[in-house]
Amino acid sequence: MFWGMQSVWAQSPQYDGTRITIQFKNGSAESLIKEIERQSGLMFSYDSRLLMDLKSLSYKAKNKKLSEVLVDLSKLFNLDFVLIENQMVIKTKVIKTDEKPESKQNFYTISGTIKDEQTGESLIGANVAIAHTPYGTISNNYGFFSIRLPEGTYQVNISYLGFETITQSIELKQNTVLKPNLKTQTLSAEVVEVVVDQNKERIQTASSAQVRLTSKDLERFPEFSGEVGLIKTLETIPGIQTLGDGSSFFFVRGGRKDQNLILLDEAPIYNPSHLFGFYSVINPEIAKEIKTYKADLPVQHGDRLSSLTTIMTRDGHMNQFGMTGMINPFIYRISVETPIVKNRVSAFVSFRHSNFEWLFKRAMPNMNIFFYDINLKLKYKINENNYLYYSFYFGKDQISNQNENQTGFGIYWSNFASTLRWNHIFNSRLFSNTTFYASAYEYQLDVSERNEIQWSSFIKNITLKTGLTYFWRPNHRTNFGYELNLHSFNPGNINTDQVAQVPYKQSLQAVLYLSHQIEWGTHWRVDAGLRASLWANSGPTTLYHFDENYNVSDTTIINQTGFYQSFFNADPRLSFQYLASSDASFKLSYSMYHQYIHLISNSAGPFTSLDVWLPSDQNIKPQRAQMWSLGHIRNLNRGRLELSGELYYKIMHNQIEYADHANMLLNPLVEGELRFGTTQTYGFEVMMRKHQGRLNGWLSYTYSRVWNQFKDLNQGFDFDAYYDRPHHFSVYLNYKLSARWHLSANWTYASGLLVSSPVGYYTYSGQTIPVYGQRNNERLPAYHRMDVSVNWQLNRRDKRFKHMIAFSIYNLYNRKNMVQMQHNKVEDDQGRYIIPSSVYDQEQMVSTQTYVLGILPSLSYKFQF
């Protein structure tokens, strides 16, 4: 749409008086544009390929009007300059005689679902760009996109990293539905240019508080005994820290271990680990995309204070049968995908099982340690506007030791998730997703010699929700929907009448949410949202009321199934993004969150935690957080490098700590052992990432502090949280040595955890008694570890059957990272540290340190066809 420079400036008088003075010699067109951009304050938008061949240019102007300068450049470049919404768009010359003023034009929608041509999988986050205009969008979690434009002729470029770009010319005179199927492609010079454009789109749509990983990212990561775990991958991301080796706990921006929401195909996973955190419940072969939010969480997902991680699983091949597998001395897995009805119904199933028996069976024949999990995904294409998805996950862990008399011990835990989703496209502007899911986590402990008495706990929920997206225009989009949740809690009970029972709990939650995204001009984007939630507890149950000294003051027995207590909260989300240029943006956000379910555990150790979940009630108020963040993201070296950084501050109310010597197990009055206060945290994160090329990866650094304020603890003085680790540094590198050899390495460093250690001892009746002072008064040694791996492709990559060998070393230099310090052990005559059964005539207590793993090599064989 080129109406001539005079009509352009008639619409935008704020630029009419701008004067340019420039003397430019033997430079590129892009450099010349940036200088004019600097002097005028007007932002230019263009496809870098348009200016690629315009080099060794010279231009001179002295106190010249900007409109006159642009007329000169239009002739010099042989390109058109079009002002669209206060942004100067550079495009190829198009001569049209039937052009209408924008105010009188009709608007139509271009929409479609982007898929992998070979497998039929939908592509999440694919880039849709309208060439030579500032307009563009990305596909959603189901590959769907929609963009509304004025009537006219457009060139639509659809791209995705690792795939060929599709370019279509469209005469937009009515709503148009595209069916783009992208072909995989090896990296070439042309692909690099596409990557540059994708990076520019990421600058406009992404945030430094969001991290996106694909299955290919996981495949290249150094393995632990045959697998890449979700938690061990996340610990390389700035702002995310783990407790240490052998733990599934992770902490995001000063939040606690229960403040992280993990969704597998939209269903929550309450314990994301196998074998105490050494393995992840997320099988790397099933993941299509993993996205983690550390701030500015979407309003459609909520009820956690610190982070959201969404895992979308693979749909299964729509066109042909495929199989992948892996075998390792410690674990094996196999996955199958196949069309049931070609191009209409597909299935994906994966099974994984541990293989530890050879490690201990000879020395401990009664020992039984294993885990397994099963994933299933079905996709049914009803028609172009309706899709059904069914997902199923079940995983179980067992650690037990039983002899022939059935005496011994046992620990068992399991995760279950099942999801049914319906995608419906009402029209080219309205998309909906309706989900029904069930989720459960159960934990069981054998507490008698013959396993006749068992302690168990669980959390279960079923949910129905619908989310809709309405695309108004290229710069307007609205998300809205509802959610209904039913929760059930067993806070830990034993199957005998000889012990008092901890009351079971039931809760119902109803949620409404609304968010709107608007782009103002060419520099600003605003996202505003509100999540309103009603939480109600129902009977039957027993309520205990406590006085100010945490003694029971009253008991209420509720025999009915009606609601007896409720909470209502409205959580606002607001963010402002400023696009400084096509390669840099800034983002400021404020969010409020509430959390209604709480993990009750006073153990910081990886092997001593019993998982108990409780809902908010008359004694446990909903946790509340307010968070402010300021982030910057920038492309460097023509998009080959991405630099991001973010400052944040968060304050969290109604946080949970525990009384000294709290009795947490089989205690109906467990809520009287809880103490409530405030936690504050602040920090700075920076990350440099290289997305493509033979050498890629990232390096990151985080500085953060976390401290608590509890009037009933630490004599009312502030104290640091035990997971306060000021410094965290990580490096991950992946290098393609050749077509068949890949090398990768990961190194991570973090300040040590805090522990409460004695400040002195005294002797009473022959016993040595430790005296404790301030909470968390001593810091353990720093944690650091390096992992490396080598992948060798055994045959050519163009063969349908591919197989490879992966060799990895966990903890390359055998660092003994401490995870626990104890003061309840003494040294015997042989120099061993033991728990004393009698303390008479013993020497002074000796502090003992526990570490989990040293160096651990691993060799895996993988295949695919």
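Guide: Proline 540 lies in the loop between E34 and strand E35 (541-546), where strands (E, at least two residues) and helices (H or I, at least four) are DSSP runs numbered from the N terminus. The model is a predicted one, in which local features need pLDDT of at least 70 and side-chain atom pairs count only at pLDDT 80 or more, while totals for chains, interfaces and linings use all residues. Residues are numbered from 1 along each chain as its sequence is written, and side-chain values use heavy atoms, with hydrogens and water left out.

Visitor: What makes the peptide bond from glycine 539 to proline 540 cis?

Guide: Omega of that bond is near 0 degrees, and the bond is cis.

Visitor: Why is aspartate 265 called buried?

Guide: Buried means under 20% relative accessible area, exposed means over 50%, and partly exposed lies in between (1.4 Å probe, protein chains only). Aspartate 265 has 1% relative accessibility, and therefore counts as buried. Aspartate 265 sits in the loop between E18 and strand E19 (267-268), and its phi is near 50 degrees, a positive value in a residue other than glycine.

Visitor: How do you know that asparagine 776 is buried as well?

Guide: Its relative accessible area is 15%, so asparagine 776 falls on the buried side of the cut-off. Asparagine 776 lies in the loop between strand E50 (767-772) and strand E51 (778-779), and has a positive phi of about 50 degrees although it is not a glycine.

Visitor: Why is the pair of lysine 288 and glutamate 121 called a salt bridge?

Guide: A salt bridge is a side-chain nitrogen of Lys or Arg within 4 Å of a carboxyl oxygen of Asp or Glu. For lysine 288 and glutamate 121 the N to O distance is 3.3 Å, so the pair meets the rule. The pair links distant parts of the chain, 167 residues apart, with lysine 288 in strand E22 (residues 287-293) and glutamate 121 in the loop between strand E7 (115-116) and strand E8 (127-130). Lysine 288 is buried at 14% relative accessible area, and glutamate 121 is buried at 7%.

Visitor: How do you know that arginine 333 and glutamate 227 form a salt bridge?

Guide: Their closest N and O atoms are 2.6 Å apart, so this pair too is within the limit. Arginine 333 lies in strand E25 (residues 331-341) and glutamate 227 in the loop between helix H6 (215-220) and helix H7 (230-234), so the pair ties together parts 106 residues apart in sequence.

Visitor: How many salt bridges does the structure hold?

Guide: The structure holds 35 salt bridges, and a network of them links Glu121, Asp265, Lys288, Asp315, Lys377, Lys379 and Arg421.
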